[in-house]
Amino acid sequence: MSKRILALGLLLFGMIAVSNAQVLQVFSKDGTTTKFEASEVDSLLHNGAEGVTTLYFSSGEKETFLSEETDSLVLYDDSSSILSKLRSKGNYTYFLRLVQEDDYWTDQMNGATDLTVFAANDDNWRRFFEKNANRLSPDPWRTATSYEALTADQKRALLLSAVANVNAGDENAIRTKSEAAGLEALEHLSGSEVPFNYCTTEKWYWERFHESKGGNGIWLAVDSCFRYTSFFTPEKIKKLGITEQDYAILFPEAANRIANGIDIVQQETATNGTIQSVAAPLTLLQSMADVIRTNGKTNIFSHLLDRYSAPFYSPVLTGAYKGMHPEFTDSIFIKRYFSNNNYSVKAGYARYDMSLGANYLFEPGPDGTYQKYNPYLPDINYLYSGNIPYLKFDPAWAGYYEDWAPEKDMAAMFVPSDDALWRYFTE
C-alpha cells in the first residue's frame with residue numbers, strides 16, 4: 001500500500017486498520033519524520049474535531065500526533081519505493097549519493113506518494129561532467145566537472161530540479177512547479193561581470209559593484225519565485241494541439257518525451273510515484289534573461305536589456321541563505337527589470353515584494369546608500385507614469401504569465417545574435 005492514507009487536515013473518524021505495508025511514516029511540518037514498522041502498529045484513530053491522531057501498537061502502547069504539527073501519515077512498502085528501485089538497478093550511484101545527502105528527500109523518496117523523479121544513470125552523469133568541463137564563463141555549471149566538485153548549492157539545485165509532481169494541476173499545463181525557488185539560482189558575479197553602463201547621462205544602478213568603481217561583485221538571485229519543470233509527452237502534445245511539425249521545430253533533436261529539454265528514455269512506476277530515467281541530470285531552467293546573458297551569442301542584446309535592470313537587496317533571501325550557510329556574511333540581491341508586468345505586480349504586492357522583504361522603492365540597503373530606482377523622475381509612481389522606458393514584462397521572471405496561470409502560459413522572445421546586431425549597427 002503506497003497511497004497517502006491520511007491528510008490530517010481532513011475529517012477522518014474511527015479506527016483504521018494498519019496492514020499490508022512494511023513501514024508507517026509520519027511527516028511533521030518542521031521537516032522531520034518518524035518511522036514505525038507497520039507490523040507493530042495495530043490501528044490508528046483520528047479525531048478531526050480535536051485535531052489529534054493516535055497510533056495504537058500491538059505492545060499496548062500508544063503515540064499521539066497533533067494536526068497542527070503533523071503534515072501526513074504514509075503507509076508504504078519500502079522494498080519497491082522509488083529509492084529502492086533505483087538502488088536495485090546498480091547504475092544510479094551518483095543520483096543516490098545526491099539524494100542520500102539530504103535526509104528529507106531520502107524519506108520522501110522512500111515513503112511520500114505521487115512523486116515524479118527524473119533520475120539519470122551513472123553514464124549520463126559522467127557525460128554531464130565532461131560537458132561542463134567545456135563550458136565557458138559566465139556559465140554557472142562550468143566548474144561542475146565531477147561529483148566532488150559540486151558545491152552544496154549546485155547539489156541542492158540538481159536535487160530539487162529532479163523532483164516534481166507532473167500529475168498535479170490542469171491537464172492543459174505545459175510546465176509544473178519544481179521544488180526549487182530563488183536560492184537555487186543564486187550566483188556570484190565578479191566585479192568585471194556586473195552590468196556596465198556606457199551612457200554617462202543615465203543612472204548606473206550597478207556602479208558600486210563594478211570593478212572600475214572599486215566593487216568586488218555581487219551575490220545575485222536573478223529571480224525569487226518558483227522554478228518550473230517543462231514536461232512534454234505525446235499525449236500532452238496532442239491535447240494541446242501542437243503538431244508534429246511544430247514540435248520538431250521546438251525540439252529538433254529531442255525524443256517524444258522530454259523534461260526541461262532532456263530526453264526521457266524510460267518510465268517506470270514505483271509504489272510511491274514514478275521514475276523518469278533521463279538522458280542527463282536535470283538542471284534548473286534559466287530565465288530568458290539568463291539564457292540571453294550566458295549563451296555567448298547574444299551579448300549585445302543582453303547589454304541592451306541591462307539598461308532596464310537594477311539590483312534590489314533582499315533581506316528575506318539573505319536571511320534564508322545565512323540559515324543554510326552560517327559562515328556567509330555578504331548580502332544577496334535580486335536582479336529586477338523595470339516593468340509594470342512583473343512578479344510583484346502579478347502577485348498582488350504592487351510596490352511591496354515579499355521576496356525583497358520591503359518596499360523596494362525606498363528601503364535602504366546594507367550600506368545605507370540605497371536610493372529610489374528612478375532614472376528621470378522624482379515621482380514614486382514612475383513605473384506607471386509611462387514617461388520613462390520600461391519593458392513589457394520582466395525577462396528574468398521565471399513564472400511569467402499574462403492572462404493564464406503560469407503552468408499554462410509562457411513568454412517568448414525573438415533575440416538577434418551579436419553578428420546580426422553588429423551588421424545592423426554598422427551597415
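**Cavity and pocket linings**

I began with residue classes: the lining of the second largest cavity holds 5 nonpolar, no polar and 4 charged residues. I counted Ala, Val, Leu, Ile, Met, Phe, Trp, Tyr, Cys and Pro as nonpolar, Asp, Glu, Lys and Arg as charged, and the others, Gly among them, as polar.

The model is predicted: local features need pLDDT of at least 70 and side-chain atom pairs 80 or more, while totals for chains, interfaces and linings use all residues. Residues are numbered from 1 along each chain as its sequence is written, and side-chain values use heavy atoms, without hydrogens and water.

I worked on a 1 Å grid over the protein atoms alone, where a cavity is a set of points that a 1.4 Å probe fits but cannot leave, a pocket is an open set with protein on both sides within 12 Å along at least five of seven lines, and lining residues have an atom within 4 Å of a point. Points join across faces, edges and corners, and a volume is the space filled by probe spheres set on them.

I found 4 cavities of 30 Å³ or more. The second largest cavity has a volume of about 60 Å³. Its lining includes Glu 187, Asp 290, Arg 293 and Lys 335. α8 (288-294) is one of the elements supplying at least two residues there, and gives the most, with 3. Helices (H or I, at least four residues) and strands (E, at least two) are DSSP runs, numbered from the N terminus.

I then turned to the second largest pocket, of about 450 Å³. α9 (299-306) and α8 each give two or more residues to its lining.
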